[in-house]
Amino acid sequence: MEFVVKSAKASTQKTATLILPLGENCLLGSVAQSLDSASAGALSTALKRGDIQGKPGQTLLLHGLPGLKAERVLLVGTGKADELDSRQWRKVVNAALAVIKNLGGGDAAFAMQDVQVKGRDSYARTRLLVEIVADGQYVFDQFKSKKAEPRALQKIILLCDKAEQAGVERAAREASAIATGMAFTRDLGNLPPNVCHPTFLADQARQLSKAYKGVKLDVLDEKKLRELGAGAFLAVSQGSDQPGCIIVLQYNGGKKGDKPYALVGKGITFDTGGISLKPGLGMDEMKYDMGGAASVLGTLKAVLELQLPINLVCLLACAENMPSGGATRPGDIVTTMSGQTVEILNTDAEGRLVLCDTLTYAERFEPRAVVDVATLTGACIVALGSNTSGLLGNNDELIQQLLQAGESAADRAWQLPLFDEYQEQLDSPFADIANIGGPKAGTITAACFLSRFTKKYPWAHLDIAGTAWTSGGKEKGATGRPVPLLTQYLLDRING
């Protein structure tokens, strides 16, 4: 999908479909009023028929209006001006997209420059629009014998005022990169687990490192992990015929010597639960348990597309959690890379085991801050549902940066407490720490576990169990979240 920014008049823009906003009670904005004049009142005449009232998401498609270069005009309701927020804006853009992607025209032009969205200037409004449109074109059909028909819509024109053109162009460029990263993340998540295993993810990382400048790759195989003393990680991977690995990608786009930011992703490419076997119903969705690693790769791809001036380390903890004669048992005690011992009470709490050794390994990069991303706990879905990611950490400044990034990117997180009282739930009579803390506060105690391995740097944990994929039905699939949040966080570090 190509996005082109122009400061041309809407009435003179040649396009298959021109998209105009319509306020509630058929209120025309300044751009729409100018088109009404250019078409000798054709818009006003069409509105008098009462086919649209301007409520958010309503649409009306008009053909062949006189005096305009556009073949069609699509009116899209934006509701009351003082009530249009990011959520409603998403509804408006999706409604327009649902119409134009099924039309025959190869392009469409959005003339939305006089729309005001709460808390968003022209840059932020446009960026969200482009992300929605680009993500809305996503198709995953590589395993279908009959592929989706190629869509006619190939180009989106974004009309804007001359004074805002530079900001709108930057918004389109950054949004396109984020959408590319989201699509990459969704592809990886949607792949079947017999294809997408740890070695496959390492191959994908290798391709990224070859395709872009400034990227260094290192893959820590099980032999190397054994030498490093990664007993917790190996306790998970040892039950599978698929070897596990920690994938390390370093991007040096910033100043030489600047300490990097680090992203750590959970990459359990399939999670049976191990010996603590999950119920069979719905287990197919456990292919998405590598959503953290996929979103880190997607964020890196967005960063590489933009060639951001930042130093970044991405660490992917990749393994398959399977039951076998060689699998870890409940009650086993392992020694982590940090030297701390862990009593494994439940082998289905495996994500924290691969992450804890990866977080310890991250110390050697002396990072400014570390954010780990993981589909870690079902308890987070109970607490926050599928709209909001859980956020915990040991540094208030980092937490606030991520919360603000989520608001800006319309990919929100919510902070949960990490009080010391919760740490007691992880006490073990036989080891330094147990890998589960009982039925209460499961998301918090999982983060408490990880916090034992993150004392040497500012750290935050994003639990994306509810946001990384959509369950069940025809809409089942990876969402690409939290690539927008993570990319915005990195953009803010540059712009700040």
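User: Leaving aside neighbours within four places in sequence, which residues is Asn-321 in contact with?

Analyst: This is a predicted model, in which local features need pLDDT of at least 70 and side-chain atom pairs count only at pLDDT 80 or more, while totals for chains, interfaces and linings use all residues. Residues are numbered from 1 along each chain as its sequence is written, and side-chain values use heavy atoms, with hydrogens and water left out. Taking contact to mean heavy atoms within 4.5 Å, and leaving aside neighbours within four places in sequence, Asn-321 touches Val-236, Ile-268, Phe-270, Asp-271, Thr-272, Gly-273, Gly-274, Thr-347, Asp-348 and Glu-350.

User: Is Asn-321 buried or exposed?

Analyst: Asn-321 is found in strand E11, residues 311-321, where strands (E, at least two residues) and helices (H or I, at least four) are DSSP runs numbered from the N terminus. Buried means under 20% relative accessible area, exposed over 50% and partly exposed in between, with a 1.4 Å probe and protein chains only. Because the relative accessible area of Asn-321 is 4%, this residue counts as buried.

User: What kind of aromatic pair do Tyr-261 and Tyr-489 form?

Analyst: Six aromatic pairs are found in a search of the whole structure, and rings of Phe, Tyr and Trp (its six-membered ring) pair if their centres lie within 6.5 Å, with planes under 30 degrees apart counted as stacked, over 60 as edge-to-face and the rest as tilted. One of these pairs, Phe-140 with Phe-143, has 6.2 Å centre to centre and 40° between the planes, and is tilted. For Tyr-261 and Tyr-489 the centres are 6.1 Å apart and the planes are at 85°, and this pair is edge-to-face.

User: How many residues apart in sequence are the parts that this pair ties together?

Analyst: Tyr-489 is buried at a relative accessible area of 1%, and Tyr-261, at 11% relative accessibility, also counts as buried. Tyr-261 lies in strand E10 (residues 261-271) and Tyr-489 in helix H14, so the pair ties together parts whose separation in sequence is 228 residues.

User: At what angle do helix H12 and helix H14 pack?

Analyst: Tyr-489 is also among the H14 residues that meet H12, whose side of the contact includes Leu-398, Leu-402 and Ala-405. Axes here are lines fitted to C-alpha atoms, for helices over the stretch in contact, and angles run from 0 to 180 degrees between N-to-C directions. With their axes 8 Å apart, H12 (residues 396-409) and H14 (residues 483-495) pack at an angle of about 115°.
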